[in-house]
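Subject: Structure handover

Hello,

Here is the structure you asked for.

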Amino acid sequence: MKKYENTGSKDTRSGFGAGMTELGQKNENVVALCADLIGSLKFDDFKKNHPERFFQIGIAEANMIGIAAGLTIGGKIPFTGTFANFSTGRVYDQIRQSVAYSDKNVKICASHAGLTLGEDGATHQILEDIGLMKMLPGMTVINTCDYNQTKAATIALAEHHGPAYLRFGRPVVPNFTPADEPFVIGKAIMLNEGTDVTIIATGHLVWEALIAAEALEAKGISAEVINIHTIKPLDEEAILKSVKKTGCVVTAEEHNIIGGLGESVSRTLVQNHLVPQEFVAVNDSFGESGTPDQLMEKYKLNNQAIVEAVEKVLKRK
């Protein structure tokens, strides 16, 4: 098994901030818009170094999306930043009409996604944002797993033309992907090769999938682990190549079971190569207040849950 080492836990939103700092230095067309959450989105350095390219919109997220769409007409590459709940649910109409339908080069960047927002509770823990965004024609959807990958994805998006949604989080999580690993939009990353089961994970669940694979190895089960950082467009070639070898799959995500990565994988399997699948996801419910660890355990979004899902799917092969 290929070992991935935690080089020092960091929050993924800081990876976004580092990516924006680098983009500010290397691409004068990159502009940043924030909805009164500069510190939370780690926009501090960008604002300090490029005040003429930073726009504080205030608590007016719909206006922020409209302004961002307008800025693209002049050749700018706008990155909007606020919490995931406000980045998607609150402004869905503006994203649909002004960005997606109009095919504007806006990068919608969303922090504090999922249950790991923690104590703020269900009203802020959006679990349906991936579904909302991936249903929009032409929208690229990215969900990164750690600090390094979030930084790399942020930088890559500046070179990608078209609407995009970048999802990351608040908590400190293991930073395990190589700092120099290329980020290719739409290309999955093989983390561990295996023969008995395919584990396809995204976001914070990627590290949990690696831990689960080690536990499964101790039980004599060979698990292939794939990091799907781009949910749309989905790397169907990588998925099909793996499941044709292993014969079954478990998907793992910090999102509602409806509308997320698991459903995208299911569609691919049904259309191309049907194998048994189990889902590690929130089972069609809202969250609640608690620490990230408490919530991930209660809603069964950790490595133990992945192991249990693997043992269940193996019985269906």
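The model is predicted, so local features need pLDDT of at least 70 and side-chain atom pairs count only at pLDDT 80 or more, while totals for chains, interfaces and linings use all residues. Residues are numbered from 1 along each chain as its sequence is written, and side-chain values use heavy atoms, without hydrogens or water.

Helices are DSSP runs of H or I with at least four residues, numbered from the N terminus.

Start with helix H7 (residues 147–159): eleven of its 13 residues are buried, so H7 is largely enclosed by the rest of the structure. Buried means under 20% relative accessible area, with a 1.4 Å probe and protein chains only. Among the buried residues are Tyr 147, Asn 148, Ile 155 and Leu 157.

Next, helix H8 (residues 205–218) packs on helix H12 (residues 303–314) at about 55 degrees, with axes 8 Å apart. Axes are lines fitted to C-alpha atoms over the stretch in contact, and angles run from 0 to 180 degrees between N-to-C directions. The contact (heavy atoms within 4.5 Å) includes Leu 205 and Ile 211 of H8 and Ile 306 and Val 310 of H12.

Last, helix H3 (residues 61–73) and helix H5 (residues 92–100) pack at about 5 degrees, with axes 9 Å apart. That makes H3 roughly parallel to H5. Ala 62, Ile 65 and Ala 69 in H3 meet Gln 94, Ile 95, Ser 98 and Val 99 in H5.

Regards

Note on methods: Helices (H or I, at least four residues) and strands (E, at least two) are DSSP runs, numbered from the N terminus. Buried means under 20% relative accessible area, exposed over 50%, partly exposed in between (1.4 Å probe, protein chains only). Angles under 35 degrees count as roughly parallel, over 145 as roughly antiparallel, 65 to 115 as roughly perpendicular and the rest as oblique.
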